[in-house]
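Hi,

Here is the structure I promised to pass on. Have a look first, and my notes follow below.

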Amino acid sequence: MSGAHINLGGRPREFDVDEALDRALLLFWRFGYEGTSLAGLTQAMGISKPSLYAAFGTKEQLFRRALERYAEGPGSYASRALGEPTSRSVAEATLRGAVETTIMPAGFGGCLTVQGALVSSPGAKPAFDVLVEWRNAAGKQLEERFDRALAEGDLPEDARPARLARFVMTLVFGIAVQAADGIGREELDEVVDDALLRWPTDA
């Protein structure tokens, strides 16, 4: 994806903002917020520390930008799934998308919203809070979609949209952890197959 070029400093150095952000995203994805150092970021992004601050702000602000890029790119399966015609197809598209995304990066697996949350120091708490907010918002969107499915008669009358959304989100993040542990696509697809057998229907 081509992006804007930024010129910084008295002796300007031009760099592609989108490309630098993609590199930062991959680093955060692989090592999490706390495991990613400023030195590692500047090296991966090919820019100096002053240039990083000038273009992106603090490490936390850069992480927020990387998370937004993740949501627009690899993580966009979640928002696309909401447009599926039935609650079951929403659940399947969400879970299949989770499998595809979490095994996608070469050399490592998992999900940025899970990997990035592995923090232990107080200084990393803002990133942790951002990810909690992101995950809760994703769960709420699913719940609202299943609320609509219930109102449209696409779910049995005794279905509980909040519970279904929590079920799907728990599987999404469980898939991410399994992928990070090296579990492959075939095994993860089997998890999705089994989960969909439990999907409530009127039949």
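**What turned up**

E186 has its place in helix α10, residues 185–197 (helices are DSSP runs of H or I with at least four residues, numbered from the N terminus). Its relative accessibility is 58%, so E186 counts as exposed (exposed means over 50% relative accessible area, buried under 20%, partly exposed in between, with a 1.4 Å probe and protein chains only).

A caveat: this is a predicted model, where local features need pLDDT of at least 70, side-chain atom pairs count only at pLDDT 80 or more, and totals for chains, interfaces and linings use all residues. Residues are numbered from 1 along each chain as its sequence is written, and side-chain values use heavy atoms, leaving out hydrogens and water.

On the surface, E186 gathers with E187, E190 and D194 in a patch of negative charge (patch residues have over 30% relative accessible area and no salt bridge, with like charges joined within 9 Å; a salt bridge is a Lys or Arg side-chain nitrogen within 4 Å of an Asp or Glu carboxyl oxygen). A patch of positive charge is there too, made by R160, R163, R166 and R198. Of these, R166 lies in helix α9 (residues 161–180) and is exposed, at 52%.

Now the rings: the whole structure has six aromatic pairs (ring centres within 6.5 Å; planes under 30 degrees apart are stacked, over 60 edge-to-face, the rest tilted). F28 and F63 pair edge-to-face, 5.0 Å centre to centre with 85° between the planes. That pair links distant parts of the chain, 35 residues apart: F28 is in helix α1 (residues 17–31) and F63 in helix α4 (residues 59–72). F28 counts as buried at 0% relative accessibility, and F63 counts as buried at 1%. Ring pairs also bring Y33 into a cluster with F28 and F63.

Cheers

Terms used: Patch = residues over 30% accessible without salt bridge, like charges linked within 9 Å, V, L, I, M, F, W, Y side chains within 5 Å. Areas by Shrake-Rupley, 256 points an atom, 1.4 Å probe, with all protein chains shown as cover. Lys, Arg positive; Asp, Glu negative; His and termini not counted. Charge placed at Lys NZ, Arg CZ, Asp CG, Glu CD. Helix = DSSP H or I, 4+ residues; strand = E, 2+ residues; numbered from the N terminus.
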